[in-house]
Amino acid sequence: MSALRFSGPVLPDGEVREVFVLDGRVTYERPTGAQKAGEGWILPGLVDAHNHLGLEDGGAISDEQIEEQALADRGNGVLLTRDCGSPSDTRWVQEREDLPRLIRCGRHVARTRRYIKNYGHEVEPEALTDTVAEQARAGDGWVKLVGDWISREAGDLAPSFPADAVADAIEVAHAHGAKVTAHCFGTDSISPLLDAGIDCIEHGTGLTHEHLERMVAAGVALVPTVLQTTKFPEFADAGREKFPDYAHTMEQLYARRREVLMNAHDAGVALYVGSDGGGSTRHGVLHEEILAMIEMGLSAEYVIGAASWRGREWLGFNGGLDEGAPADFVVYPRNPVEDPSVLAEPSYVVLRGRVY
């Protein structure tokens, strides 16, 4: 493959540079015969930190549909995806050079009849530890728990598992070298997860000031999925007739979601960006999640950093475009920090040194 030359301001520092791509990597030393490929604002590849590749409303999907999802994400500039639970076997995606890099989480681990049908492994507390160990072995360093869901008995959100079972499961996951994240809409499930040493919280609309202080002290991250929490009024309406307490809870969580997000940021919790793509949510819309987080009050620089260089570092990848780094970047016609709407219209997407 011949060397390529891109030019323009390179984020995050905005220094105007010539960026060369040779053998799939970035170099700033001009190779012989480098061909001009394009110019614009150059951003390290976007990270979708909460994605469900291989998931639709009915559960697992075909490889052809998975490919469509992955290509939609790539077209949106997403070059690294952290899967947050999928019933499909997506390991083959990692063998495709033209598809985004993928960190797999295995299947969701949920309580019996306390999650969406066909999505995850549904188990009782006594089977939680063994199931988590199985998912830790099957994934790429992450396990996803369903921390809370509606309980038919309580008629409201309730923790999925007792605290002792959660503690044992997270200990086993860590022993297998896996980090643990958990779906948490409400408040009551979070303290036991923090007590057990969880690594990340998804959604987090029920977080209190005490939770946030503990998360900062322990380095626990938050992926708020703002597009998903926008749907809480719909969830409330759908459950109101049978579960009025649940409907009230979801309305209260919706009313406080901006306050919780900004409190988390002000406290110093590390925030990352996830579209929650899969099921009822489309793929290829990470830019919409970025814009939604900015509209909630976060700065464009902070959110774009979380969705790019900081997100990459968090997941163990090269954050910037240093000499020798993998050539995974997106080129835009305008500065995305000054005009985040440009994230919807990348000029070039470069993955593993190939231009799309």
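Me: What do the numbering and the values rest on?
Reply: Residues are numbered from 1 along each chain as its sequence is written. In this predicted model local features need pLDDT of at least 70, side-chain atom pairs count only at pLDDT 80 or more, and totals for chains, interfaces and linings use all residues, while side-chain values use heavy atoms, with hydrogens and water left out.

Me: Why is Cys105 called buried?
Reply: Buried means under 20% relative accessible area, exposed over 50% and partly exposed in between, with a 1.4 Å probe and protein chains only; Cys105 has a relative accessible area of 0%, and is therefore buried.

Me: Where is Cys105 placed, and which residues does Cys105 contact beyond its neighbours within four places in sequence?
Reply: Cys105 sits in the loop between strand 10 (101-103) and strand 11 (109-111), strands being DSSP runs of E of at least two residues, numbered from the N terminus. Leaving those neighbours aside, Cys105 is in contact (heavy atoms within 4.5 Å) with Asp83, Cys84, Gly85, Trp142, Val143 and Lys144.

Me: How do you know that strand 19 and strand 5 pair?
Reply: Two strands pair if DSSP finds at least two bridges between them; four bridges join strand 5 (residues 41-44) to strand 19, so the two pair, and they run antiparallel. Ile42 has Val331 as its bridge partner in strand 19.

Me: What makes strand 20 a partner of strand 19?
Reply: Strand 20 (residues 348-351) and strand 19 share three bridges in the antiparallel sense, with Val331 opposite Tyr348.
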